[in-house]
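Hi,

Here is the structure I promised to pass on. Have a look at it first, and my notes come after.

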Amino acid sequence: MSDSAFFAIFAVKLPTIMRKTIAIVLLMFLSLGTVADNRHLLEELDEAISQKQQYIDRKNERIALLQKMLATESSTEGKLKTIDNLYDEYYVFRFDSALVYADRGLSMATAAADKFYTTLFTIRRAEILGSGGFYSEAQALLDAVDTETIDRRLLFKYYSTYFFICTYWAEYCKETSYWDRYHDCAANQLRMAMQNITPDDPLYHYYMGEYHSYAEHDEEKAFAGYTTMLAKADPESRVYAQTAYALASKYAQRGDSLRHEEHLIRAALCDIKSCTMETMALQEVALLLFRRGDADIERAERYINVAMEDAKFYNSRLRILEVSQILPQIMSTYRTMVERQNRNLRVSIGCISVLVVGLLCTAWFIYRQNRKLTARRKELADSNRRLTDVNSQLADLNDQLHELNQKLVDTNKRREGLASIYIDLCARYIDKLGKYQTLVKRKIKAHQEQELLQTISSVRMSEADANTFLSRFDKAFLELYPTFVDEFNALLTEDGRIELKSPLTLTTELRTFALIRLGVKSTADIAGLLFLSTQTIYNCRSVTRSKAISKETFDDDVLRLCTVIHT
């Protein structure tokens, strides 16, 4: 239920005096509600301005998609349609780009002898020139169109464009003797336009409002048309902004300043969201706030600067000129307010300075009384600091000593482990030697010297013995140098690094360089210890060296591995 309907119900049912009383109260509340709503709308407008770049980015994405479609379109008609869509995107967004696409579409349509699009882009060119203030050039273009042979689908577009050009021209000539001529021209063109629009057209109610306002001067019907259009329009469409702006002027004529302000803000808010840079709403909101006084002057200054940025972005000299006429007034008042605030600030600073001087004097007396105490406290603090430093050093030395003791304990454990392995191997081979000695005695007593000789000649270390030795060697070496494998691989290239088959088993390459790390450098000695041929060890060393990052210093680098024993 609307505010007016709500009030009417109570007005009929209550006595006269009570009706008047309640009417006054209701009007007060409704006015307060509108003010609150307007303040809320201003906050929405601030939020929209802060997110303006996001709206522009989405606009540019749509334009980029259309440009991509134009580049891939093969048919002339498809290109013309896409160019028209691009013009429509740029029309209130960027003046120069819209004019470029209007000219491009006109050239292409003329070359293709397409009468419909030739006429359409002629109208488009006149439309964009009119919005830029080139009124006579725009009128000349429209006058060159033969309205007798024009496609019926373009008649409304033709006359409505002519109407807006004459409207802009009349506004430009306001308060001059030429105003009547262009205002009458606008009214006549609007009458012609209304003969070529049907009630099912999405813009019908808006143009009905325009028609009754400009041609018939019937403000009630004009108001009804705009109100109907505003209820149907998308809140983020340009026609919504146009309708809200038109309604704002009607509320201003009625003296309803609150709803005038509300609809101006709605128009400006819609312009921001629809990326309409060719707009009047925001600068009028700025002017309205400016006239309200210092409370809103900062917001007015911000809005007029945004309006100027939009005008520059759109690149219409007419809009830049219009904003430039308002900007100095707001900026001058804003500077005056800032200067007044600065003056008040200087007075405040003066008072504060006096207080600071008094505080400094007080602090000086306190300082003189406490200076000796401070000095003694400083001496005590220095003594405590030195004592703390000594304690800290002692603690660090204790930690280092503890760490060294721990390393010694760990080293002793490893040595004990290595000694255990060495004793175990010796015991095994002493036992094996005793058995071998018993075998020799038995053979000699049995006069089997020849067989004993053959046994001695054929005996070699068994594979099991070799594996036992190597296994014990791997375990002992990795116990002593647990980081050897990682440090060795760090000397090799990425593809040459060696992986262990099992955690405590070294490969032939790793055993070879493990012996080199222990000081066994001779290839023959290494071959004997690993039960392999000299050639095999030579090949192993050569292949591994070829994979080294630094081949020249590889052997020396191996000798420097595991210089730090890890606990």
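First, the ground rules. This is a predicted model, with local features needing pLDDT of at least 70 and side-chain atom pairs counting only at pLDDT 80 or more, while totals for chains, interfaces and linings use all residues. Residues are numbered from 1 along each chain as its sequence is written, and side-chain values use heavy atoms, with hydrogens and water left out.

**Overall**

The protein has 23 helices and 0 strands; these are DSSP runs numbered from the N terminus, H or I of at least four residues for helices and E of at least two for strands. Of its 567 residues, 37% count as buried. Buried here is under 20% relative accessible area, exposed is over 50%, and partly exposed is in between, using a 1.4 Å probe and protein chains only. Taking contacts between residues at least 6 apart in sequence, 61% join residues at least 24 apart, where a contact is heavy atoms within 4.5 Å.

**Cores**

In soluble globular proteins, nonpolar side chains tend to be buried together. I looked for nonpolar cores, meaning sets of buried Ala, Val, Leu, Ile, Met, Phe, Trp, Tyr and Cys residues joined through side-chain atoms within 4.5 Å. The largest one has 102 residues, and Leu45, Ile128, Tyr158, Met194, Tyr207, Val285 and Tyr303 have the most contacts inside it. Helix α8 (residues 155–172) gives the most to this core, with 11 residues. Apart from it lies another core of 26 residues, including Phe473, Leu491, Leu506 and Leu561.

What does Tyr158 touch, not counting residues up to four places away in sequence? Its partners are Ile123, Leu142, Asp143, Val145, Thr147 and Ile150.

**The second largest pocket**

About 920 Å³ of space lies in the second largest pocket. For the record, a pocket comes from a 1 Å grid over the protein atoms alone: it is an open set of points where a 1.4 Å probe fits, with protein on both sides within 12 Å along at least five of seven lines, and lining residues have an atom within 4 Å of a point. Points are joined across faces, edges and corners, and the volume is the space filled by probe spheres set on them.

There are 33 lining residues, and Asp88, Tyr91, Arg124, Leu203 and Arg238 are the closest to the centre of the pocket. By class, the lining has 14 nonpolar, 6 polar and 13 charged residues; Ala, Val, Leu, Ile, Met, Phe, Trp, Tyr, Cys and Pro count as nonpolar, Asp, Glu, Lys and Arg as charged, and the others, Gly among them, as polar. Helix α8 turns up again, giving the most to this lining with 7 residues. Helices that each supply at least two lining residues include α3 (52–72), α4 (76–90), α6 (115–131), α10 (204–215) and α12 (238–254).

**Single residues**

- His263 is in helix α13 (residues 257–273) and counts as buried because its relative accessibility is 6%. Beyond its neighbours within four places in sequence, His263 contacts Leu230, Ala244, Tyr245, Leu247, Ala248 and Tyr251.
- Thr512, in helix α20 (residues 508–517), is buried at 0% relative accessibility. Outside four places in sequence, Thr512 is in contact with Ile526, Leu530, Ile537, Cys540 and Arg541.
- Ala466 sits in helix α18 (residues 463–480) and is buried at 12%. Ala466 and Leu530 are 64 residues apart in sequence and 8.1 Å apart in space, C-alpha to C-alpha.
- Asp557 belongs to helix α23 (residues 554–559) and counts as buried, with 17% relative accessibility. Leaving aside neighbours within four places in sequence, Asp557 contacts Leu491 and Ser550.

His217 is not a glycine, yet has a positive phi of about 55 degrees. His217 lies in the loop between α10 and α11 (219–232) and is exposed, at 51%. Phe531 is not a glycine either, and has a positive phi of about 60 degrees. Phe531 is in the loop between α21 (523–529) and α22 (534–546) and is partly exposed, at 37%.

Cheers
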